[in-house]
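Open the structure in your viewer and keep the selection panel at hand. The stops below follow one after another.

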Amino acid sequence: MKAYKNFILFLLLFEVTALCQSNTNIQLWTGANVKLELNKKWSVSLSPELRFTDTIKTFNSFITEVGVKYKLNKSISFLGEYRYTYRP
């Protein structure tokens with residue numbers, strides 16, 4: 001059971017998606033999500049992502065999202081996020 005939980009945690013933290021349109025244009029998008037609940041009403045999140053193109057040889061972009069969530073009640077919550085994108 002512990003191995004099953006570790007495997008699920010691995011999939012959630014190190015999600016890897018490969019997108020292929022043709023044999024010459026293979027892309028790799030890797031990302032991770034981290035969420036920290038400060039208390040019952042406040043939580044923060046961090047989601048970095050690396051993207052590669054050109055048969056996974058060329059670095060395309062680095063994306064980071066940082067968010068803060070406030071839960072007013074069971075039905076209403078507010079979320080603010082900032083996204084930073086770096087493309088060389």
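In β4, which residue is the bridge partner of Leu-36? Select Leu-36 and then Val-44, which is that partner.

Before going further, note that this is a predicted model, in which local features need pLDDT of at least 70, side-chain atom pairs count only at pLDDT 80 or more, and totals for chains, interfaces and linings use all residues. Residues are numbered from 1 along each chain as its sequence is written, and side-chain values use heavy atoms, with hydrogens and water left out.

Next, select residues 34-37, strand β3, which runs antiparallel to β4 and is joined to β4 by four bridges. Strands here are DSSP runs of E with at least two residues, numbered from the N terminus; two of them pair if DSSP finds at least two bridges between them. Between β3 and β4 is a hairpin of four residues.

Move on to β5, residues 58-71. Twelve bridges connect β4 and β5 in the antiparallel sense, and Trp-42 has Tyr-70 as its bridge partner in β5. Four residues separate the two strands in their hairpin, where Asp-54 in the turn has a positive phi of about 55°.

Finish at Ser-61, in β5. Ser-61 counts as buried because its relative accessibility is 1%, where buried means under 20% relative accessible area (1.4 Å probe, protein chains only). Beyond its neighbours within four places in sequence, Ser-61 contacts Glu-49, Leu-50, Arg-51, Tyr-86 and Arg-87 (contact means heavy atoms within 4.5 Å).

Terms used
Buried means under 20% relative accessible area, exposed over 50%, partly exposed in between (1.4 Å probe, protein chains only).
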